[in-house]
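Thanks for coming, everyone. I have one structure to walk through today. Please bring it up on the screen.

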Protein chains: 2
Amino acid sequence: MRKGKTFIICGPSGVGKGTVVARLLASDPSLYFSVSATTRPPRPGEEDGVHYHFLSMEQFEQWIAEDQFLEHAQFVGNRYGTPRLYVDRAMAQGRDVLLDIEIQGAEQVKRKRPDVVRIYVAPPSWAELERRLIGRGTEDMEKVRSRLARGREEFSAAKDFDYFVINDTVDRAVEELRAIMTAEHCRPEERMALIDR
Amino acid sequence: MRKGKTFIICGPSGVGKGTVVARLLASDPSLYFSVSATTRPPRPGEEDGVHYHFLSMEQFEQWIAEDQFLEHAQFVGNRYGTPRLYVDRAMAQGRDVLLDIEIQGAEQVKRKRPDVVRIYVAPPSWAELERRLIGRGTEDMEKVRSRLARGREEFSAAKDFDYFVINDTVDRAVEELRAIMTAEHCRPEERMALIDR
């Protein structure tokens, strides 16, 4: 049985990563999408273990002390992390794993697991990303500008990533992500072991 | 316009590389399959520029002196080489290029062009390769054994290749080759230049 691989998906707010990831998951039930742990309280409708693993601050710090996270970070007073356990279990079952995390988290994971594959989902252009962010209609121009500025910064930081997928159409982006996952299972380390000598 | 990339396909005699390459070429007319140059005389039905570029020994040596080959070698008194000109022309037109060459040639090309992608087409097992070689019915057991021994040697030499495609079924091998070509066009060097700043 082939071993699972971990793919990190990063990209700026508004690029349409959620749609692309949802399509990918729908097309391949064997894919495991990593559920983050957080200390923020659940919102109405959010289920433990589905949307997040909801932890107390004490539990979260315990998990850090036990090296239970592949990466973790803090945003506006709440903590977020990627639990190692579920990722490792899925990979041991031969399932590929998707991590939808921030670029700083991607760097943490890469240091712990040099064999992860890092994919950056990019907009066709910054003008297009601005249109998409404004089109959402949920944010004022101040927030749109700050998200764009952050996106451009992360774009430069992502130059060491393995792949860039441009989300001009969802179909094409999904096709490219699938191709990347297929190709990464054709690496000699994995394949040479499969051929009897 | 995207720039073409060069993909080297190696693999042991009998693995079915010809079938896989033919299917790949039929499915994508933009692919350029590199035609080798040789000093051996044309066989009945062989056309210059289609099956080979037929050169005299003097011309071949002239081309070497002018650094016109990406790689060249000698087999049983005849010389064979991959002309640089047609490869470069196709890539400049945005076409991907396939080189079906020996593993020593692949090493020569890699030294000259570090950005080539090297793919090894492997049999599912050595027993299966033996069956395929015997099944051809064109060679005596002595030749089959020598081809198998050479295949095993090359297999070890191919451990530095970028990808291994196992030809268990032609459909799957072709799908993997296509995925590799798609993925290799998602590299940051190529993609970052496409996104306006």
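Start in chain B. Helix H5(B) brings B:Trp126, B:Leu129, B:Glu130, B:Leu133 and B:Ile134 to meet a set from H6(B): B:Met141, B:Val144, B:Arg147, B:Leu148, B:Gly151, B:Arg152 and B:Phe155. By class, the residues of this contact are eight nonpolar, one polar and three charged. Keep in mind that this is a predicted model.

Now the geometry. H5 covers residues 126-136 of chain B, and H6 covers residues 141-157. Their axes come within 10 Å and cross at roughly 145°. Which hand does the crossing of H5(B) and H6(B) have? That crossing is right-handed.

Over to chain A. Helix H5 (residues 126-136) and helix H6 (residues 141-157) of chain A pack at an angle of about 145°, and their axes are 10 Å apart. H5(A) makes a right-handed crossing with H6(A). On the H5(A) side we have A:Trp126, A:Leu129, A:Glu130, A:Leu133 and A:Ile134. They meet residues of H6(A), among them A:Met141, A:Val144 and A:Phe155. The class count for this contact is eight nonpolar, one polar and three charged residues.

**How the two chains relate**

The same surface serves both copies, with 100% of the contact residues of chain A recurring in chain B.

In chain A, the buried residues of H1 (residues 17-27) are A:Lys17, A:Val20, A:Val21 and A:Leu24. They cover an arc of only 95° around the axis, which puts them on the same side of H1(A). They pack against several elements of chain A, including strand E1 (6-10), strand E8 (117-122) and helix H7 (170-184).

**Some single residues**

Stay with strand E8 of chain A. A:Ile119 sits there. Is A:Ile119 buried or exposed? A:Ile119 is buried, with a relative accessible area of 0%. Beyond its sequence neighbours up to four places away, A:Ile119 touches A:Phe7, A:Ile8, A:Ile9, A:Cys10, A:Phe161, A:Tyr163, A:Val165, A:Leu177 and A:Ile180. Take A:Ile9 from that list. A:Ile119 and A:Ile9 are 110 residues apart in sequence, and 5.0 Å apart in space, C-alpha to C-alpha.

Now B:Thr38, in strand E3 (residues 37-38) of chain B. B:Thr38 is buried too, at a relative accessible area of 0%. Setting aside neighbours within four places in sequence, its contacts include B:Tyr52, B:His53, B:Phe60 and B:Arg79. B:Thr38 and B:Asp140 are 102 residues apart in sequence and 27 Å apart in space, C-alpha to C-alpha.

A:His53 lies in strand E4 (residues 53-54) of chain A. A:His53 is buried, with a relative accessible area of 11%. Leaving out residues up to four places away in sequence, A:His53 touches A:Val35, A:Ser36, A:Ala37, A:Thr38, A:Asp48, A:Pro83 and A:Tyr86.

Last, two loop residues. A:Val76 is in the loop between strand E5 (69-75) and strand E6 (78-83) of chain A. A:Val76 has a positive phi of about 35°, although it is not a glycine. A:Val76 is exposed, with a relative accessible area of 82%. B:Asp67 is in the loop between helix H2 (57-65) and strand E5 (69-75) of chain B. Phi of B:Asp67 is near 55°, a positive value in a residue other than glycine. B:Asp67 is partly exposed, at 41% relative accessible area.

How values were computed:
Residues numbered from 1 in each chain as written. Chains lettered and ligands numbered in written order. Predicted model: local features only at pLDDT ≥ 70, side-chain atom pairs only at ≥ 80, totals over all residues. Heavy atoms only, no water. Axes fitted to C-alpha atoms, helices over the stretch in contact; angles between N-to-C directions. Helix = DSSP H or I, 4+ residues; strand = E, 2+ residues; numbered from the N terminus. Left-handed = near helix turned anticlockwise from the far one by under 90°. Contact = heavy atoms within 4.5 Å. Nonpolar A, V, L, I, M, F, W, Y, C, P; charged D, E, K, R; others polar. Buried < 20%, exposed > 50% of the residue type's maximum accessible area, 1.4 Å probe, protein only. Arc of directions from axis to C-beta.
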